[in-house]
Amino acid sequence: MVKNVKKIAFANIPLNSENNIPLYQQLYDGLREAILSGSLKAKTRLPSTRTLAKELNVSRNTVMNAFEQLLMEGYLVGKIGSGTYVAQTLPDELLHTGVIKTKEQKQKNFGLSKRGEFLASIPVSLAQRYRTSLTNTTPFQNGLPAYDAFPFERWSKMLAKCWKHLPRKAFGYGSSAGYKPLREAIANHLATTRAVKCSAEQVIIVSGSQQALDLASRLLLDPQDIVWVEDPCYMGARSALQAAGAKVVPIPVDNEGINVAYGEVKSSAKLVYVTPSHQFPLGMAMSLQRRVALLEWASHNNAWILEDDYDSDFRYIGRPIASLQGLDSEGRVIYIGTFSKVLSPTLRLGYVVVPLNLVDAFSSARALSDRHSPQVEQMVLTDFIAEGYFSQHIRRMRALYSERQEALIEAVKEHLLGFLSVYPSETGMHTIGWLPDKSNDLAISETLMNNQIIAYPLSMYTIEAKLPPSLLLGYSGFSPEDIYLAVKKMARVLEYTK
Ligand SMILES: Cc1ncc(COP(=O)(O)O)c(C=O)c1O
């Protein structure tokens, strides 16, 4: 039976490792199409992930990722590891209503360009990929600031005041590089807190890091250019690079950060994306030796470094680690920061610090995509920083998140000791919960998600790396009570008793 299946469907799935589309995505597309076209019939048992990985000469992670997505979307049923079948009732009604279409139909009906098809197939985050019906404010969604501690009253007063006294010139179009006083305030803040060396002119306001990643990828890379990314990697960055046509080469990380020596042997590259202050998602800081090695590598190879400094304000022990940008004497580092973590993602405000000779290019490309960020929010943020509320908020959140991390560790000790290992993390808004060896983090995450708990599996962020099974546990966005209840529920759902 299984042999037959392979003949019908799998042999025909063209997997091309040279292609920019990730292999799991190609496999997902192929299997989905085989199911929709009927060449894989309802109730057909699929080979195990191990067998299929061997057959297709891809990693098991690739197959698991593809299966996982098909399971989530209802094309497959069962459990990875104990039998996966084509669903008896496919999302068929959707087929008839035309919501789901085969690739051919998509091309015919929507007329997307090849680039359009490609862009539409790249998810920016796991939340988008899972199309989860859970709100992303459900524990343990990672990277969420504390909603309950946002200074709503202060912010709304400042916003109202700003609108009331809005100068006429702020009512029209603004500068694509951003509101000048805000750029100045950010340059000062970065100089004192992150040792970033820049003038206000080098700071360009963007709508969150994602836009900075997108602009940098499109401005600095040509299709087929090779880029290094950390493995595991932040999906938003990897997707932006792939969307620009880059060939993403995964470079392993160890407890000092990205392994530069390994990368040098593996492949050349025109750019590298790194999270030096707090590796996403594992959490280590890049050592000084590695920082120096990376800068030297970039210098010898005429390469760019994208430094994503997304949550380094939340350092619980000692002072925040200085930026990589501050060590760069050749203007190779593009430094990206965001207000999504320190204030709120809904503001859609971030910044990118670029070398002086790139300022015009970034401003023009920004203007081309959406002209500029809303002026009023930029003005309010400027006052918020100038009047000292921003630093105060960071200090308060640092204390609050430290407490929340502790609450998570304590709750895990009480309810999941022996099953989940969570260690104190010096920085950030999430930590890793390590599962027992050989457990299936994808299946566990799915079970949790079916029970309204979001804990994404680490394996969804890896490309080639083989890491022990584990889950990402965000704590910053949830009260200690919510954390406690969610951990308790986790133990119940997973039927774990100490
Ligand atoms: C590594 C990393 N960079 C950046 C961001 C922030 O993205 P944005 O500024 O687009 O909201 C996140 C959010 O989760 C992140 O995890």
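A: In this predicted model, strand E13 (residues 430-434) is joined to E12 by 2 bridges, and E12 and E13 run antiparallel. E12 and E13 belong to an open sheet of 3 strands, ordered E12-E13-E14, in which the pairing is antiparallel. Strand E12 (421-422) and strand E14 (470-474) form the edges of this sheet, each pairing on one side only.

Another open sheet of 3 strands, in the order E1-E3-E2, also has antiparallel pairing. Its edges are strand E1 (45-46) and strand E2 (76-78), each of which pairs on one side only. E2 and strand E3 (residues 84-86) are held in antiparallel pairing by 3 bridges, and within E3 it is Tyr85 that stands opposite Val77.

Domain 2 brings 23 residues to the contact and domain 3 brings 21. On the side of domain 2 that touches domain 3, strand E6 (247-254) and helix H17 (389-416) each supply at least two residues. By residue class, that side of domain 2 divides into 14 nonpolar, 4 polar and 5 charged residues.

The ligand is surrounded by 14 residues, of which Gly143, Gly208, Ser209, Thr338 and Ser340 are the closest. The shell around the ligand is made up of 9 polar residues, 4 nonpolar residues and 1 charged residue.

Some details of the backbone also deserve a careful look. Most peptide bonds are trans, and most residues other than glycine have a negative phi. The bond from Asp231 to Pro232 is cis, with omega near 10°, and Pro232 sits in the loop between strand E5 (226-231) and helix H12 (235-243). Phe280 and Pro281 are likewise joined by a cis peptide bond, for which omega is about 5°; Pro281 is placed in the loop between strand E8 (271-274) and helix H14 (288-301). Gln224, although not a glycine, has a positive phi of about 80°, and Gln224 lies in the loop that runs between helix H11 (209-220) and E5.

Taken as a whole, the protein chain contains 19 helices and 14 strands. The C-alpha atoms of the chain fill a box of roughly 70 × 50 × 50 Å along the principal axes. A compact globule of 498 residues would have a radius of gyration near 23 Å, and the value for the protein chain is 23 Å, which agrees.

Confidence should be kept in view when reading these details. The mean pLDDT of the protein chain is 90, with 91% of its residues reaching 70 or more. Over residues 1-8, however, pLDDT stays under 50, and the model has 13 contacts beyond four places in sequence for that stretch. The stretch of residues 92-100 also stays under 50 in pLDDT, and for these residues the model has 5 contacts beyond four places in sequence.

Terms used:
Residues numbered from 1 in each chain as written. Predicted model: local features only at pLDDT ≥ 70, side-chain atom pairs only at ≥ 80, totals over all residues. pLDDT = per-residue confidence, 0-100. Contact = placed C-beta atoms within 7 Å. Pairing = 2+ DSSP bridges. Helix = DSSP H or I, 4+ residues; strand = E, 2+ residues; numbered from the N terminus. Near = placed C-beta within 6 Å. Nonpolar A, V, L, I, M, F, W, Y, C, P; charged D, E, K, R; others polar. Rg over C-alpha atoms; globule rule 2.2 N^0.38 Å.
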